[in-house]
Amino acid sequence: MPRDLLNSITGKLIGDLPIFCLERWQSLHETRARVNLSESGVHPLRLRDLISYGVDLEEIFELELGYGWTKGSQELREAISELYRGFVEPENVVVTSGSAEANLLAVLSTVSQGDTVLVDTPNYMQVAGLLQWIGAKVVYLRRKPPNWSFPIHEAIEFMKKVRPKAVFVTDPNNPTGSYMSKRELEELALEASKYDVTLVFDEVYWGTERGEPKHSIAEVSHSERFISTSGLSKAYGLPGLRIGWLASGSKTLAYRAWSIKDYVSISPSILSDRIASRVLSPNVIAALKKRARDIVSENLNVLMSMISKGDIFTLYPNAAGAFAWVKIPWTKDTLKLSYSIYEMSKILVAPGECFGSEGHMRIGVGIKPELFKLGLSELLEVLKILKDTAK
Ligand SMILES: Cc1ncc(COP(=O)(O)O)c(C=O)c1O
């Protein structure tokens, strides 16, 4: 793998800010990839497709393209409050440019230099990178195979002993797809309230669960000190709208996040705000989630039928997300492996190193099923060749 590529996706960017490995890896390759299996959401919808889901675009054509509401329109914040079944008031919702901006605001409004924080890994690593940048003392709590569930009792022990400022969890987790049960969330929330710890949950994959529906941290919290971030990029297939949000039980935290947003993006796009308000009606939500589940189930079935014969990789059971998390038993250097795959076939996967987990790989299962089948069979061929040459 070329040294300049390695340097551009690993190491430090500014001060203690690490380079955001996954986003850089994708930015450098995804536009030239023939089959992009590095994504974590489902194939995006066209604006026109929304008509068939009952969204009236004529009304949207009439919209004046001003700045709009800096924390998001009342209508959209009410719809988001409904997603949390009223456990978060519309006033405590800040609409952001994707959940990526919501995560930035969550970090900046809860943690200061020198604070100790606990961070869930393996992880997408946005929050971990930002926390390092601002000088927090970051302690990683590692999930373990084969089920990769959040080690809740270790988290509770840590809260008891260390009293961290905040605990950051990605639930459902990216890249493992594991998510917490309502009982686990309740237990964590109860203990966090005893020690005055803020729980910050990145819930952007909420709605992609294939089994029991996930509950939000907002529904079980015993104190107002929680933040949930989420958005329309994953289960809804609308990442191009760049609509995310931060929802908190605390007026102070939500107000602080809104005030920091003044420095970052001022307001969400008014066009996206209006479309999002229409998308977040119960019928459209249900139909889009079904679409996502159908695409993922079809691709997962293909994946399971194609790998049952070989020992190319081990597939972990995955409960949510539009991705599969796999172990490569024959090499630890999955960054080099991912690069070789890309060089040989222009198929792009996401290397485990970008999630803090060498020897693993994330394979997107949200692309169009016709393309997935072809892409996967090519990927398996290439992996076979690379495995044989690695011996
Ligand atoms: C865990 C997690 N959080 C946040 C994001 C950012 O998503 P968006 O800004 O599109 O909502 C991603 C994107 O992959 C993610 O995986």
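User: What makes a residue in the protein chain count as buried, and what percentage of the 391 residues is that?

Analyst: The test is 20 or more other C-beta atoms within 10 Å of the residue's own. In this predicted model, buried residues come to 47% of the 391 in the protein chain.

User: Why is glycine 352 called buried?

Analyst: Glycine 352 has 25 C-beta neighbours inside 10 Å, and the cut-off is 20 or more, so it goes down as buried. You'll find glycine 352 in the loop between S14 and S15.

User: Which residues is glycine 352 in contact with, if we skip its neighbours within four places in sequence?

Analyst: Those are Thr334, Ser357, Glu358, Gly359, His360 and Met361. For a contact, the two C-beta atoms have to lie within 7 Å. As for threonine 229, its C-alpha is 24 Å from that of glycine 352, and the two are 123 residues apart in sequence.

User: How do you know that S14 and S15 pair, and in which sense?

Analyst: Pairing takes at least two bridges. S14 and strand S15 (residues 360-364) have two bridges, in the antiparallel sense, so they meet the cut-off. Alanine 350 stands opposite arginine 362 of S15. In general, strands of a sheet pair through backbone hydrogen bonds.

User: What makes S11 and S14 edge strands?

Analyst: The open sheet has four strands, antiparallel, in the order S11-S12-S15-S14. Strand S11 (314-315) and strand S14 (350-351) each pair on one side only, which is what puts them at the edge.

User: How many helices and strands does the protein chain have, and why is it called as compact as a globular protein of that length?

Analyst: There are 15 helices and 15 strands. The radius of gyration is 21 Å, and the globule rule gives 21 Å for 391 residues, so the chain is as compact as a globular protein of that length. Its C-alpha trace spans about 60 × 55 × 40 Å along the principal axes. Of the contacts with a separation of 6 or more, 74% are between residues 24 or more positions apart.

Key
Residues are numbered from 1 along each chain as its sequence is written. This is a predicted model: local features need pLDDT of at least 70, side-chain atom pairs count only at pLDDT 80 or more; totals for chains, interfaces and linings use all residues. The radius of gyration is taken over C-alpha atoms; the globule rule is 2.2 Å times the number of residues to the power 0.38. A residue is buried if 20 or more other C-beta atoms lie within 10 Å of its own, exposed if 12 or fewer, and partly exposed in between; C-beta atoms are placed from the backbone.
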